[in-house]
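Welcome! Please take a look at the sequence and the 3D structure below, and then we will walk through them together.

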Amino acid sequence: MKLTQGCFSFLPDLTDDQIYKQVQYCLTNGWAVNIEFTDDPHPRSTYWEMWGLPMFDLQDAAGVMMELAECRRVYGDRYIRISGFDSSHGWESVRISFLVNRPPQEAEFELVRQEVGGRAIRYTTVRRPAAHAST
């Protein structure tokens, strides 16, 4: 199952050249760029581990790409995403976020439905154990 989080999630995975262009777009707009990684991509897990500090005041995406290459070298078996944070007044929020690395075996989730009092229904997202191919 292909995890769909962030921009471009329904498109094929971005190439490094496409990632470079998206990062350059962030930097051109004056946004801070950061790299994060996790082994728990649950939709409500918003706190991923940061790779270093957010990169402020960069002019060229090459610096971010060097950090991304190092992060992939160390955590290539995890999800890695890049985010662009706009600190301008009125926004002060992440403007773009997209996955740049996926583990070989993607996490799988299922939606569990529970009926409760008053005919209300509750939904919970549960992570399923990784499916292993039979040999």
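Which residues lie nearest the centre of the largest cavity?

## The cavity

Among the 12 residues that line the largest cavity, F8, S9, D13, L99 and R102 lie nearest its centre. The space in this cavity comes to about 90 Å³, and a search of the whole structure finds 1 cavity of 30 Å³ or more. Here a cavity is a set of points on a 1 Å grid over the protein atoms alone where a 1.4 Å probe fits but cannot get out, and lining residues have an atom within 4 Å of a point. Volume is the space filled by probe spheres set on the points, with grid points joined across faces, edges and corners.

The lining of the largest cavity divides into 7 nonpolar, 2 polar and 3 charged residues. Ala, Val, Leu, Ile, Met, Phe, Trp, Tyr, Cys and Pro count as nonpolar, Asp, Glu, Lys and Arg as charged, and the others, Gly among them, as polar.

## About the model

This is a predicted model, in which local features need pLDDT of at least 70 and side-chain atom pairs count only at pLDDT 80 or more, while totals for chains, interfaces and linings use all residues. Residues are numbered from 1 along each chain as its sequence is written, and side-chain values use heavy atoms, leaving out hydrogens and water.

## The overall layout

The protein chain has 2 helices and 6 strands, in the order α-β-β-α-β-β-β-β along the sequence. Helices (H or I, at least four residues) and strands (E, at least two) are DSSP runs, numbered from the N terminus. The C-alpha trace spans about 55 × 50 × 25 Å along its principal axes.

Helix α1 (residues 16-28) packs with helix α2 (residues 62-75) at an angle of about 130 degrees, their axes 9 Å apart. The two are therefore oblique to each other. The contact (heavy atoms within 4.5 Å) involves D16, I19, Y20 and V23 of α1 and A62, V64, M65, L68 and R72 of α2. By class, these residues are 7 nonpolar, no polar and 2 charged.

## The largest pocket

A pocket is an open set of points with protein on both sides within 12 Å along at least five of seven lines. The largest pocket holds about 160 Å³ of space, and its lining is A32, N34, E36, M50, P54, F56, S83, F85, V94 and S97. Strands β1 (32-38), β2 (49-55), β3 (79-86) and β4 (93-101) each give two or more residues to this lining, with the largest share, 3 residues, from β1.

Terms used. Axes fitted to C-alpha atoms, helices over the stretch in contact; angles between N-to-C directions. Parallel < 35°, antiparallel > 145°, perpendicular 65-115°, else oblique.
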